[in-house]
Amino acid sequence: HDLVLSAVGRPLNPRGRTGTSGRGLLGKWGPNHAADPVVLRRKPGASGTTDGANYQMVAIQRADTGQWAIPGGMVDDGELVSETLRREFSEEAGALEDEDARERLEASLDQVFASEGQLVYE
C-alpha cells in the first residue's frame, strides 16, 4: 500500500475514517512504544511441577481504576527500553511503605539491570 497523506502532511488511515481525530489516545505523534515487564518467580516452598501452578507474577493495582495490571509504561524519547523497564517497575511495583523492603528491591533491580544486555533487533 502506498502511504497517503492529508492536506497537512499527516498519514491517512488506509481503511478510511475511524472517527478519531488528532492522536486519539496516543501520548504523542509517531511511535508510542511501551515497556511492560512480566516478572515471574517460583512460589516459595513449591516443588517441581512445571504446569505453572507453582509460579507467582508481579502485578499492581491501578489507583485510578482499581484494576490489576502488569507494571510498565511508555518509553521516553532517547530512552533505552531497559531503562524504561527499570524505571517503570521501580515506580509502580516498588512503591513500598517498608523502607527496608524498598531498599532490598532497589538492590535486586540494580543487580538485574547491571548487565548491558544483548541487542536482539535493530
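**Walking through the model**

Author: Of the chain's 122 residues, 16% count as buried, meaning under 20% relative accessible area, with exposed being over 50% and partly exposed in between (1.4 Å probe, protein chains only). This is a predicted model, where local features need pLDDT of at least 70 and side-chain atom pairs count only at pLDDT 80 or more, while totals for chains, interfaces and linings use all residues. Residues are numbered from 1 along each chain as its sequence is written, and side-chain values use heavy atoms, leaving out hydrogens and water.

Reader: OK, what order do the elements of the chain run in from the N terminus?

Author: They go β-β-β-β-β-β-α-α, with 2 helices and 6 strands in the chain. These are DSSP runs numbered from the N terminus: helices are H or I with at least four residues, strands are E with at least two.

Reader: What does helix 1 pack against?

Author: Its buried residues pack against strand 1 (34–35), strand 4 (60–61), strand 6 (73–74) and helix 2, contact being heavy atoms within 4.5 Å. The buried set in helix 1 is T84, R86, E88, F89, S90 and A93.

Reader: And helix 2, which residues are buried there?

Author: A101, L105 and L109. They sit on the same side of helix 2, because they cover an arc of only 75° around the axis, taken from the directions from the helix axis to the C-beta atoms. In general, an α-helix has 3.6 residues a turn, so residues three or four places apart point the same way. The buried residues of helix 2 pack against helix 1 (81–93), while R104 and Q111 are exposed on the other side.

Reader: How far apart are the end C-alpha atoms of helix 2?

Author: 20 Å, which agrees with the 20 Å that its 14 residues (99–112) should span at 1.5 Å a residue. The expected span is 1.5 Å times one less than the number of residues.

Reader: What does the D98 side chain reach at the start of helix 2?

Author: One of its oxygens comes to within 2.9 Å of the backbone nitrogen of D100.

Reader: Switching to charges: how many salt bridges in the whole structure?

Author: The search finds 8, counting a side-chain nitrogen of Lys or Arg within 4 Å of a carboxyl oxygen of Asp or Glu. One of them pairs D110 with R86, with the closest N and O atoms 2.6 Å apart. That pair links distant parts of the chain, since D110 is in helix 2 and R86 in helix 1, 24 residues apart.

Reader: Is R86 buried or exposed?

Author: R86 counts as buried, at 17% relative accessibility, whereas D110 is partly exposed at 46%.

Reader: Which residues make up the salt-bridge network?

Author: D76, E79, R87, E88 and E91 are linked that way. Within it, E88 and R87 meet at 2.8 Å, N to O. E88 is buried, with a relative accessible area of 7%, and R87 is partly exposed at 23%.

Reader: Last one: what does Q56 touch?

Author: Leaving out residues up to four places away in sequence, Q56 touches V39, L40, R41, K43 and P44. Q56 lies in strand 3 (residues 55–57), and its side chain joins that of R41 in a polar contact of 2.7 Å. A polar contact is a pair of N or O atoms within 3.5 Å; within protein, one must be able to donate a hydrogen and the other to accept it, and residues adjacent in sequence count only if both atoms are side-chain atoms.
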